[in-house]
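Have the coordinates open in your viewer and try each task before you read on.

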Amino acid sequence: MKAARWYKARDIRVENIEEPTIAPGKVKIKVHWTGICGSDLHEYAAGPIFIPVEQPHYVSNDIAPIVMGHEFSGEVVELGEGVTKVKLGDPVVVEPILACGACAACKKGKYNICKHLGFHGLSGGGGGFSEYTMVDEHMVHKMPEGLSYEQGALVEPAAVALHAVRQSKLKAGDKAAVFGTGPIGLLVIEALRAAGASEIYAVELSPERAAKAMELGATAAINPKDEDAVARLHALTNGGVDVAFEVTGVPVVLQQAIDATTFEGETIIVSIWESAASIQPNNLVLSERTVKGIIAYRDIFPAVMELMTKGYFPADKLVTKRIGLDEVVTEGFEALMKEKNHIKILVNSQE
């Protein structure tokens, strides 16, 4: 079968590899659509981050080259012995977390902060940028009736956004700011709408992405190149937002997000970082602010899909390009590196 494998930074190859053979407790999936994630782009531009290159991953036992793609939907085509959660022909999405099940976090059910955390499609196990993939039964979620396969490919990134909002202290009626409105930032805006935020401010350099933020329900968009975003947010909110979400991974933005909050405000770091960021601790101490990091999601995929059935996280507004697997590098990764107007590019693994 065809698959796109990561060898090193700026080296992803579409090549023929062996199709997975079903095993007990496993579900084999014919992949339909897979999204290119910001994490994938980080791996392409400056990896490895999650991709194991020196020794096999603790859970997957795989090492680069790795089949990429962890935001995907598909159809169940084969069931391993003992599988009862889904049946042949079911449309499914995959919750791609690889967790050991034995560390302290896993034992408390917090598998997304597993000591050996990895992701199917980043840390081994096969991935969505392939014609077929195989996963453990517990990773599969049947899609509700009426959700398209394209919509299914957005469940994973939408889960990141919803988890970020759920893990924050935001309450209905609170004010929020989202720094960076790429795909995850836009999905955070959707999650904030679902959570009942009264005002949602987007801080974004790209006019196209700022416009999309407004289309999805942001109260206002602020371009930090044109004005002091922190001062503007304080003016608009009479003292700062209750919660700020940092979704850029740009070091200078972290301090801006913190400064944009009110006293006792909270900043949620959603980004994966390529380099260190410095902050002034007094900006936290003197206003009793807090900063919290989140990673991925847990126990949330069903809730995301239910919100999708109600119109949240709409694929028709978020998907800006559809390509075939053979085009994943030139029209996918390279396009995202060069063209900042794209929101979400989906890859059809059967083309």
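This is a predicted model: local features need pLDDT of at least 70, side-chain atom pairs count only at pLDDT 80 or more; totals for chains, interfaces and linings use all residues.

**Exercise 1.** In which order do the three strands of the open antiparallel sheet stand?

Residues are numbered from 1 along each chain as its sequence is written, and side-chain values use heavy atoms, with hydrogens and water left out.

*Step 1.* Find the elements: helices (H or I, at least four residues) and strands (E, at least two) are DSSP runs, numbered from the N terminus. Two strands pair if DSSP finds at least two bridges between them.

*Step 2.* The order is β2-β1-β4, with antiparallel pairing. β2 (11-16) and β4 (66-67) each have a single partner strand, so one side of each has no neighbour in the sheet.

*Step 3.* Look at one pair: β1 (residues 2-8) and β2 are joined over six bridges, and Ala 4 faces Val 14 of β2.

**Exercise 2.** Describe the open parallel sheet and the helix that lies across β11, β12 and β14.

*Step 1.* Six strands line up as β13-β12-β11-β14-β15-β16. At the edges are β13 (220-222) and β16 (290-293), each pairing on one side only.

*Step 2.* Ignoring direction, neighbouring strands here are turned by 20° against each other on average. Axes are lines fitted to C-alpha atoms, for helices over the stretch in contact, and angles run from 0 to 180 degrees between N-to-C directions.

*Step 3.* β11 (residues 175-179) and β12 (residues 199-203) pair in parallel over five bridges; Ala 176 has Ile 200 in β12 as its bridge partner.

*Step 4.* Helix α5 (residues 183-195) lies across β11, β12 and β14 (241-246), at about 170° to β11. Contact here means heavy atoms within 4.5 Å.

**Exercise 3.** How many salt bridges does a search of the whole structure find?

*Step 1.* Apply the criterion: a side-chain nitrogen of Lys or Arg within 4 Å of a carboxyl oxygen of Asp or Glu. The search gives 18.

*Step 2.* One of them joins Asp 326 and Lys 2, at 3.0 Å from N to O. Asp 326 sits in the loop between β17 (319-324) and α12 (328-338) and Lys 2 in β1, so this pair ties together parts 324 residues apart in sequence.

*Step 3.* Another links Glu 150 and Arg 322, with the closest N and O atoms 2.9 Å apart. Glu 150 belongs to helix α3 (residues 149-152) and Arg 322 to β17, so parts 172 residues apart in sequence are tied together.

*Step 4.* Lys 212 and Glu 215 also form a salt bridge, at 3.1 Å between the closest N and O atoms. They are three residues apart in helix α6 (residues 207-215), about one helical turn. Buried means under 20% relative accessible area, exposed over 50%, partly exposed in between (1.4 Å probe, protein chains only). Lys 212 is buried at 16%, whereas Glu 215 is partly exposed at 42%.

**Exercise 4.** How many disulfides does a search of the whole structure find?

*Step 1.* With the cut-off for a pair of cysteine sulfur atoms set at within 2.5 Å, the search finds zero.

*Step 2.* For Cys 37, the nearest cysteine sulfur is that of Cys 114, 19 Å away. Cys 37 is buried at 9% relative accessibility.

*Step 3.* The sulfur of Cys 103 is 3.7 Å from the closest cysteine sulfur, in Cys 106, which is too far for a bond.
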